[in-house]
Structures are given as C-alpha cells and as structure tokens.
Amino acid sequence: MPLGNLMKLVDGFYTYKRRGLSTELFPDLKPDKGGLRGWISFKQGSLSGDTEVAWRGETLGEEGVEIIVDLKGTYFIDQVTLHQVPEEKRGTLEYGLASISVYGGKEKEQMRLMEWTGDGVNPISSDKVSLKIGAEASFLIIHITSFNRKLILNGLEIWGSSRDSLAIFPIPQEIRIKEGTFQISSLSRIALSEKPSKDTMFAANLLSEKLGKRSLKIKVSKIKTPEELKNCLFIGKPSEFKIEIEKEKIRPEGYFIKVDRDKVLLAALDRRGLIYGVEAFLQLLSFYIKTGKMPCCEILDYPRSSVRGVHLFIPPRKSIPFFKRLIKYVLAPMRMNTIFIQVTAGMKFDRRPEINEAWVKANEIARRGLAPPVPHGEVGGGRYISKDEVREIVKYVREYGFEIIPEIQSLSHVTYLTLAYPEIAEDRGEISEIAPYSHCYCPLHPEVYKIVFDMIDEVADVFKPLRYVHMGHDEVYALGICNRCKGKNRAELFANDVKKIYDYLKRKGLGMMIWADMLHPFMSYSTPEAIDMIPKDIILLDFVWYFRTWEDIEDRLLKKGFKVIMGNLYSSHYPRFNKRISKKGVIGGEVSTWCKLDEYSLGRKGKIFDFIYTANMLWSSRYVEELRWSFTNRISEMLRSIKSELSGLSYPSLSENSIFKPINLEEQYNSRLLDLSGCRGSYDFSSLSRGLINLKGVLFKIGDGLIGVEGNLVRDKVFPSSIEIPINERFDSFVFLHAATYREGFRKPFIGRSEKRRRLGYYEVIYEDCSSEEIPIEYGWNIAEWSKKYGEPAISLVNRHAGYYTTYGALPFYEGKTHDGRNVTLYGYEWVNPSPKKGLRAIKINASDTSDLAILLIALTGVKLTDSLKETRKQQNDRTI
C-alpha cells in the first residue's frame, strides 16, 4: 500500500539516456553510487537518497539528459521533485538546471507530457524544484537540461500512491498487511459480549444499519464463548473482549481492527473510537466488496489533533434533517469531533423574545429587497427554531461523539442585538462599517451585560452539559467611538469586556473561547496590547493567518501561554501545516462555512470537499502536502456516495444493477474534440479514448466530436445557442458528461454574485406530452472549465472562504492530460427523472446570454432501474419527503 515518496517505497528502477535515444548518458562528473550503470534499483541508487550525481556541461550540451523511471506498477503520481545542490555551493553561472519536463504513461499507452518548468536557457535558482502531475503512470521520463552548464543533482522524489493505500480515509496511522484473506460473504453477524456498554451497542447498531444500506443484512447478537467468533465481526471495548488483543496500544478516540481469515475484531476505548472504527471497516468493505475478499490486516489508528472542528450556523427548521445527515454521513465518518454552532438569534430566547422578533422582521425586509442583507442573516435561515428543536440537535450530535460548543457573538457582529436594542449600539447610522446596521455594542452601556448574560443563561441551559462557550469578539471595527467610550483606551475596553464575560462564565463552571484577531498587531482595527490583559486560559481561535501567510502568527499567542485552535482552517490556503500543528499549545483546527446550512450552499461553496480534506490533515500524521492530488482523487470518488446519503435520495447510476444506454450524439455534433481557436476558448479532448467507455461505473459513447452551445451575445460566436437531442424512450435518470470552455480571467469567485451570472444555461427535458423539466447548468455547481484540475486550490486571498476549483452537483468522471501536458477534466452530472413513467421526446441544450463560456457536451447516457431498484428508490424518496 505505497503512499508517499515512491522512490523509497516501491521496487522500481531508473537509468540515464540521451534525449530520445537508447544511448546511455550516465553521470560523468560524479557517478551514481558505486559507479552503478544499466537499470539502477531505487534501493541502491544515489537519486533515492541525498548522494550527489553530476555531469559536465559539455557532456549535456543543450540537449540535456533523460532519467527513465520504471515504477514496476501503475501508481497515481502527485508530483516529481528534483533537488540540486544549494546555490551557494554550485555557483550562479557554472552550474544549474535550465528546464525540467516530465513525460508519463502506462503500459501499452503513449507517453505524454505531464508538466514542465524553466525556459531551457537561464538557470533555475531554487534548490528544490517540484512539478505537480496529478495522473496515473507506470513509466516516467524526466528530461533535464542545463544549457551547457554543469549539472549536480542530489535527490529525486516521486510522490504518489497506490489505489489501495487510500481505501480508508482519513489515512490510518498504521496498517500491517498479513497473509490470507477474509471472505466478505462469510460475515454472518455482528457479535457483542454478554454485557456490552451503551457505546458498543450504539456503534454495533450503526454498523448493522449501514451494512443494510449496502444490501448486507447482518444482525447484532451476543456471544458467550470465543468459539462463537467464527465468521463474526466482534466489536467492543477492550474489557468486553474474551480473547487477547493489544489493548495497551489503543489510544483515546482511536481504534484497533484485526481482520483474520475467519473473523474481524474491532476494539476502542470510547464511543468516538468505536464509531471511527465502524466507519473505517465500512470503507474497507466498500473498497474490496467487488472482489469479495478483504486482505488480512491489522489497523491501529488514533488522532493527531485533539480538536477537529467545524463551524456551522444553527440550521433553519427545514434543514434539521440535512444537518443530521451531515453529522452521520460526513463529519462523524471523517473523524471530526467538535461542532461550533453559531446561535445568533437563530434560537428562541424566552427572556428576550424581542431579539427573535427584530431578527425575523429585519431579514424579511431584506428578503423583499427593501434593505441590504442582514449580516449573518443565514443563521436559522433568517428565522429561529425552538429550544426543543435545538435540544434535539444537541442530543443527536452528542450521540455521534461530538463535543458541541455554542457561539454567542458578543461585542462585535451583534447586529442581531442592536436591531432589538438600538440604544446599545457603539456605531450608529452612517458611521457603521455595515450601515444601515450596527456592528458593535457599547461595552460601557449599563444594559449590555444584562442582555448578554441572559443569553448565556438560556444557551447554557439548552446546550448543557457544556465545557466551553465561544463568545466571538472578532473584527471589532467600532470601539471607543460612542460618547461613553470616546477617549478611552481601546485595548482596555476590549479586555474589560472579555474579562466580564469570562468571569460570568467561570462562575457557571464554563470555559471561554474567542477569536484571536484583536490580539494581533497587524490588523488595522486590532487591540494588540489586550493580549496581556485577558486570562491565559481563554482558548483562542486564530483565523487571520491568511493575511500573513509568510509568518507563523500563532507564535505570538503561544508565547503568552494561550492554547490555540487554527480558526477558519481552509486546507486550500493554510501554509506549513505539518510544522504548525505540531507546536505545543496548538490543539487543533476548525473549518468555517459562513453560509446557509443546506446541501446546495455547502456543496457549491466547496465546504463538503473542504470538510473531508481538512479532516485528513487534522487526523492523520501521514498527511503531507506533496500528496494533495492523491487525497483529492480519493475525495472525488467518495463524494458520489456521500451525495446520495446527504440528499437522502438514490442515484440510479450508483447501482450495479442499473442498465446504461449511451445516447448516440453523432448527428448533433457541431465541433471536433480539438479546437485551438485561442481567445474564444480553445479546448482539447483529442486524448480521450473513443467508443464505449466506462467512466466511474457509467457507460458512455465517446465519438470524434462534441456538441457546443453558447449565448447569443458572445462576440465571435461560433456555436448555436441551443441544440435538441432526440430521445424517444423512458429513462429513470440521465448522466451528462460535459465541461465549459475556458477564458483567461474567468475565476471561481462567482460565489456571492447574482444567480444569473453563475448560470451558463440549462438542459430542458421534454416529455412526450410536451411538458418539460429545466435543469440549470451552473458554474461551480455542476460544471466547470475543461482545463481546470478538480480540487485545485484557488490561491487568491479573495477565494479563501471557498478555496477550491470544485463542483459538487457534478463530479469529475474523467481526469487526464492533453498530449502537451494540460489538464483535462470532464464532469459527470446525474439528473434523476421525477416522472420516470412518462415517455421522453428530447433533451434541449440552451446557453445563457449572460456568460461568454460555451457548454460542451461530450456524451450522454440514459439510466434505467430494474423493478427491485425502483421500489428501493421509491422507499428512499418517501422517507426523504
């Protein structure tokens, strides 16, 4: 299960050749280790370590040298990294790399350019040069030039993974593969001790339920003797086992799985560990279920960080079922353990009903377009839910092992309070940063703490038992400006507010958390002196790291003795993660969402992808940035089933018993697969295989052309604005294989702009009775550019809250390379037919007039369900309704 630098993990070989020739070109200035020649094994050669190899400039000339790598197997390659000796040692002109090009391919497949860097003339100054690949290969050719200069290399890294190395995600800390296999079909029951704990019972029932969804009806029962373990999965805490296990190795929240030829053992110390172990086993089962055999192995796993959190708004009433599915099918399986839930006015306050009333009224006025959106108006959907509904949420979250920490915004982001009590506002009217709303309250107003303490009392009662309350205190833009506060020290005003709330919480036996930005010196609004004025046992969520990416800003807080959580931890942008998470006093991280709590909003903003990626960072010490594409590839595979579970609906294409019928599009083709027309949005799908092709389990027919449509207002218009495809058959769903053209300057931050600007067009499904269904085609939801790699970080600071080029409604069904090394991504989008009994006459593709991007349809497949699957789908849909 190789995962990492393949030069150290697999039994591969490399050699040196002249460019394009079979002639050898071994290092002549500093030979490979021991003067090795021919095919050199990774284990023996200099390139696998840090021993130098070197060529004379006249030996390389301008053609350079090719390092031919045989990996002895097909692996997903993340990146290739070459090390040259430091610049001060090699000199500036006499030595140095001028260019690197990496070609790759699999057996019986043409080698193609994967990536390149350098101009071939001027030396590359960096000691370490990395080329991101993101494709499968069994052979690599690394072409290096030095432009007649001497070349000294002291290491080659090929970062990648085998498919089975990512079977369990987040990546376990230890996996030991043993001889033999366990026959999955022999699993007959989930076994418990005679007196299982409540935690064990919960985990066992969860496992039974989720196995049932995989068509494995396996019951839970108790056993009395070890002899009854045959063909069982025994689950429990170490004290419940009647056989020897290495219980001393199991850590809190961790789990131990042992797969033998005739049984499976799953042990953990606590509820979290049992749930995580169940989810790990389910992933292992899903990965190997097609072969019917699971390798015998031992898995020992435990968390790297103690706080693995997600910040969510309190859900509106209609989103409570989705909230529960998010916990059950994403956050708990990904080993997250903390939910920060922003309350604002989203919960009913009995002592202060005017808070809820003002909140609902302001949001309703904004919805009618009579006022700007209320800040954080997405909390509770702009309304509020009852205390009993909140208690139901809290109970459900805790059942899955989560700690729940309510956030009561105070001092700042208190529009929800100043709407009800305008007299307490620090910033009124036109002077507010968020006019016409007020952002902060006056910390010297005599009524403020009565209001805040009443809220704390009610929240603490509903959320009890509690350890911490998050009290906000971020982005205090308005401080020291009202008549009471003017002339006062801003740092003292801030610190005194914190201390008053801290003391009140302490009297109630509660700890305090706040955001940390006000304690840093580089924010224009901050009060850095306050760092020495507040209690050191307040936990700080440090989120302004993205304004100083070159600096470890948490060091300032750690040196003062605070514990720190990485706030707004966006995996797309956070630098030097492994170094920083290991610091004493950094106790974990949390991913923030800052949007509505529903599947569309989280999916479109890339947050579900971010939850999963960040969970691996926080859980596994085997996480390294060099394997980003391996992790991204695995997440994109997982998201297909996760989507089904989150929506509560079944997608016909996910069933092995579905019938696929590719639609012949040849008569509608209006372009070749290759268009090099430049500024109007070129594309290149010429490297695609032709004919009937299986992509992600769906059968497509790919021909020599495609269908393109673009809006009527596009300059230099080439494609029509609509095309109709005849169907004349019944289908339960359709899978569209499509992408958008790409133009320089078109970027992901469409989030926050108008719906019309996001929309590239729509598919219109026309029934035989002339009724129709409209399927929006939205950039960033179910389509994106053909040349963007799925999951590529959108590195601009503007994109930090939605930091990836991802889609959610559609997922990457094909990722590859053009012959000249550009990325190719095709998105598979499944539309489930709400009226499957009605005959379908046609599907029409319509382009929007508000975008200059064309929609490119490569293939279309209809999906039919067998009768048994239709009944399953009906039952699922009924439950969802």
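**View 1. Cysteines without disulfides.** The model contains zero disulfides, a disulfide being a pair of cysteine sulfur atoms within 2.5 Å. The structure is predicted: local features need pLDDT of at least 70, side-chain atom pairs count only at pLDDT 80 or more, and totals for chains, interfaces and linings use all residues. Residues are numbered from 1 along each chain as its sequence is written, and side-chain values use heavy atoms, with hydrogens and water left out. The closest cysteine sulfur to that of Cys296 belongs to Cys297, at 7.5 Å, too far for a bond. Cys296 is buried at 4% relative accessible area; Cys770 is exposed at 61%. Buried means under 20%, exposed over 50%, partly exposed in between (1.4 Å probe, protein chains only).

View 2. Lys607 lies in helix α15 (residues 607–619). Helices are DSSP runs of H or I, at least four residues, numbered from the N terminus. Lys607 is buried, with 1% relative accessible area. Its side chain reaches two backbone oxygens: that of Ser592 at 3.3 Å and that of His801 at 3.1 Å. Beyond neighbours within four places in sequence, Lys607 contacts (heavy atoms within 4.5 Å) Tyr570, Val591, Ser592, Thr593, Leu602 and His801.

**View 3. Helix α10 against helix α11.** The axes of α10 (residues 448–463) and α11 (residues 490–507) come within 11 Å and cross at roughly 40°. Axes are lines fitted to C-alpha atoms over the stretch in contact, with angles from 0 to 180 degrees between N-to-C directions. Tyr449, Val452, Phe453, Ile456 and Asp457 of α10 meet Asp497, Lys500, Ile501, Tyr504 and Leu505 of α11.

Notes:
Helix = DSSP H or I, 4+ residues; strand = E, 2+ residues; numbered from the N terminus. Polar contact = N/O pair within 3.5 Å; in protein donor to acceptor, adjacent residues only side chain to side chain.
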